[in-house]
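Student: I have a structure open on my screen and I would like to talk it through with you. Could we go slowly, one topic at a time?

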Amino acid sequence: MTKYFDVKKPLPKLGVVILSFLGILIFIILWNLIAKFGNVKTIFLPTPTETVYAIINLFQYHGFLGEILLSLYRILLGFMASLVLAFPLGLLLGSFDFFKNLMEPLVNFIRYIPPVAFIPLTILWFGIGDLQKGIVIFISVFPYLLVLFIDVVARVPQEHIDTAKALGFSRTRTLLYVVLPYSLPGYLDATRAMFGTAWTFIIVAEMIAASQGVGFLIIQSQRFIKTENIFAVIIIIGLIGLFSDLLFKWIYSKLFFWSDKAK
Amino acid sequence: MKRQILLEARNVTNIFLKKNLTVEANKNVSLEIYPNEIVSIVGPSGCGKTTLIKSLAGFLQPTKGSVSYKNKVLNSPNPEIGIIFQNHKPFPWLTVEGNIASGLYKLSKDEQEKRVNKYLKIIGLSDFRKEYPHQLSGGMRQRVSLARALANEPNILLLDEPFSSLDPQTKTLMQELMLSIWEETQKTLLFVTHDIEEAIFLSDKIYVMSSKPGEITKVIDNLLPKPRLAEQKLSEEFINLRKHINYLIRSESLKAAQINLQTIRPHALKIGLHLWVGNASLILGQELDLFKKNNLEVQIISLEKDKDRLSALEDGSVDIITTTIDMALIAKNKGLDIKIIGVTDESTGSDALLVNNNIKQVKDIIGKRIGVERGWSHFFLLHILDKNKINISDVRIEFMNNAEIGSAIINKRIDGGVLWEPWLTHTKKLSNSKTLISTEEEPVIPGIIITTNDCFEKKKEQLQKFSTATIEALEYIKNNPKESKKLMAIPLGISTKEFEISTMGVTFLGRKENKNIFSNEKIRKLITHTSKILYNAGEIKQNYSPDELL
């Protein structure tokens, strides 16, 4: 038994799978025990079984899938805009001190303002439609994404850049054929991290002002004391997060098999 | 036909500002590299080698001095100058062939393919062309980045510690590979390394560099036969050369590593000397175990510059040093309480004032530019001026180092200079110049051994043994000239023949001269004389009598 408890020693694959499920199982059992015997009312804490029924019910009769897709669409709206802008800007600001010094104070200033503080303003300017949600996502994602991208680009080893110079590469060629390929894995990593953040902010934005979407569903459920629905939505959001993370990791291992992290 | 210099550094000095401190990485580095040559710059870790190589490749503009490639000043990286950086890695996102082709984008697809195949074959990775770097071993990866640089077909390739991260076996293989690549491509190669063995194995010429600020202290022509095989590393000649460079570099490594000499073998008597034939008797004492036989533990540290030896004596890093009377007086004048405890040799022709052929007599040097190095070379000129009653201000004295004086005479930048071997013979051969006056006629600069009065009191017994052993060594030279010359030549890195030529102008002193150094009339006279000349020239502020130094 002690052989499973060596410091930093990896476990066999089967053990990993069993433990992963075991952790979840223990959580569900505890939840069940507290819900059933813990002297809490069902309107505050539904049992796991009730939550599963709520999930099925939401998908069957309340167009849950549509709500999820709508929220996802809003995320992508703001996220894509952030990505399209941050991608070249990251390359530029990470490579040239000139642009970095020009832009960084401004970006950091915006970054330190909680994105939620902009929500009332966006409602005033853009209403409460998809565009406003996209803009909230953009405001909450873009500055962070840019800072992460700049960091990734700044970490391209000087040695690779000097080698390019020695081989006679022009500036543009160095950027496109050395800095860019080396930065792509880091870019994807940053994107993955920020995608999780985007989910957080779409829920917040939809809870504050919306007539549709996952966040709206949570607020609705609270209003009508459908606690099991709140649980259902939370669990589904968690699962979506888990799967998108796996998807990103899979893409990473396929595209960037050559990088150190891929191993 | 005179060969064209390919890459040249002229007095390159690199200074950085690091946290408000100025750090001098290189100082006055001059070197020239000819086509098809393999050159190494060897020095202790952290002596500014990487800074120098970056300057040579055009990545870094020197603070002072210049680098020129094919006689044109180099202001930016040039694809004709390839460079392999210290932690060189292939581009990880490209395959082996993609890496090799990465610098060839200007060529047609066919050309690219041909080049890639050629260099894949040279580095022996044809079977791995489609693999990515992460699938290869460390040595293979280094071969890929080597091929990437070679495929660009630069005229000269600079390599900064290229194999330092490899295990010794792979390293040897890579060195052999380098030599066979050289045979195949006839590229000019410049290695920068801290590995003496590597430098000897690979190169035709070795520049020895001091620790910060990195200065070239010695240039060695490596005549070991080529092609070189790994077995040669065990040959006698190889080991002799290694021994020599080891002597040169040891003190520098200690300096670079910030290790105080006092902490290494604290009980040993430490001798600071410059590697030159006149001092070889001390090295002979070591080689013949004469010190050991007298129950004395000694450690010899080569400190090439007078300044370094004196400061080592001052801070107690060494107990005794070799020097000349003029330097001893200047040190005394600066407040260092020194004492002369022995004489090693007398220059009888190996130092001389060399002048342009149109200068007929000593009086003619009035108004002329004369190069001298600070130290006895300067003193010798002062002595000549004094003897011929010429005012110091009537001659244009220019301070430079030995090698510079030689090249300045050859290039006619100066009209004459005080030089010593081997530059003396060398310069005479390459220029229209002649010896005007030498130490043969004017034997005024004997080699002496000094210590501090403090040390003299504390280590009386050890110094007594040291004197006995040194006299034994000097007597051995007198009695076994042939054998001793052979033994002394090795640590100096020269052949017995060269040693003989160098010692033609040197007379080793022996028992007689050392027996009673206090009452040695000749030394007493020379001290008085030297003191007078230095005092008149304003080099020292007071006159010293022999009793103050003996």
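**A loop residue in chain B**

Tutor: Let us begin with B:Glu153, which sits in the loop of chain B between α4 (138–151) and β7 (156–160). Please keep in mind as we go that this is a predicted model.

Student: What is the phi of B:Glu153 near?

Tutor: Its phi is near 45°, and that is a positive value in a residue other than glycine.

Student: And how exposed is B:Glu153?

Tutor: B:Glu153 counts as partly exposed, because 17 other C-beta atoms lie within 10 Å, and a residue is called buried when there are 20 or more and exposed when there are 12 or fewer.

Student: Changing topic, how many helices and strands are in chain B?

Tutor: Chain B has 20 helices and 21 strands. Its radius of gyration is 26 Å, which is close to the 24 Å that the globule rule gives for 550 residues, so chain B is as compact as a globular protein of that length.

Student: What box do its C-alpha atoms fill, and how much of chain B is buried?

Tutor: Along the principal axes, the C-alpha atoms of chain B fill a box of roughly 85 × 55 × 50 Å, and 47% of the 550 residues count as buried. If you take the contacts in chain B with a separation of 6 or more, 75% of them are between residues 24 or more positions apart.

Student: Which domains is chain B divided into?

Tutor: There is domain 1 (1–80 + 155–259), domain 2 (91–153), domain 3 (267–346 + 445–548) and domain 4 (351–438). In chain B, the C-alpha centres of domain 3 and domain 4 lie 26 Å apart, and the contact takes 10 residues from domain 3 and 11 residues from domain 4.

Student: Which elements give two or more residues to the domain 3 side of that contact?

Tutor: On the side of domain 3 of chain B that touches domain 4, those elements are α11 (325–333) and α20 (521–536) of chain B. The residues of that side divide into 4 nonpolar, 4 polar and 2 charged.

Student: What about the contact between the two chains, how many residues does each give?

Tutor: Chain B gives 18 residues and chain A gives 12 residues. By class, the side of chain B that touches chain A has 10 nonpolar, 7 polar and 1 charged residues.

Student: One more, where does the kink in α4(A) lie?

Tutor: The kink, of about 40°, lies at A:Met103, shortly before the proline A:Pro105. At 1.5 Å a residue, the 15 residues of helix α4 (residues 97–111) of chain A should span 21 Å, and this agrees with the 20 Å between its end C-alpha atoms.

Student: Is that helix well covered or hardly covered?

Tutor: α4(A) is hardly covered, since the count of buried residues among its 15 residues is 0.

Student: And where is B:Glu314?

Tutor: B:Glu314 is in helix α10 (residues 306–314) of chain B, and it counts as partly exposed because it has 16 C-beta neighbours inside 10 Å. From B:Glu314 to B:Ile216 there are 98 residues in sequence and 25 Å in space, C-alpha to C-alpha.

How values were computed: Residues are numbered from 1 along each chain as its sequence is written. Chains are lettered from A and ligands numbered from 1 in the order in which they are written. This is a predicted model: local features need pLDDT of at least 70, side-chain atom pairs count only at pLDDT 80 or more; totals for chains, interfaces and linings use all residues. Helices (H or I, at least four residues) and strands (E, at least two) are DSSP runs, numbered from the N terminus. The radius of gyration is taken over C-alpha atoms; the globule rule is 2.2 Å times the number of residues to the power 0.38. Two residues are in contact if their C-beta atoms, placed from the backbone, lie within 7 Å. Domain bounds come from an automatic or database domain assignment. Ala, Val, Leu, Ile, Met, Phe, Trp, Tyr, Cys and Pro count as nonpolar, Asp, Glu, Lys and Arg as charged, and the others, Gly among them, as polar. The expected span of a helix is 1.5 Å times one less than its number of residues. The bend at a residue is the angle between axes fitted to the seven residues ending there and the seven starting there.
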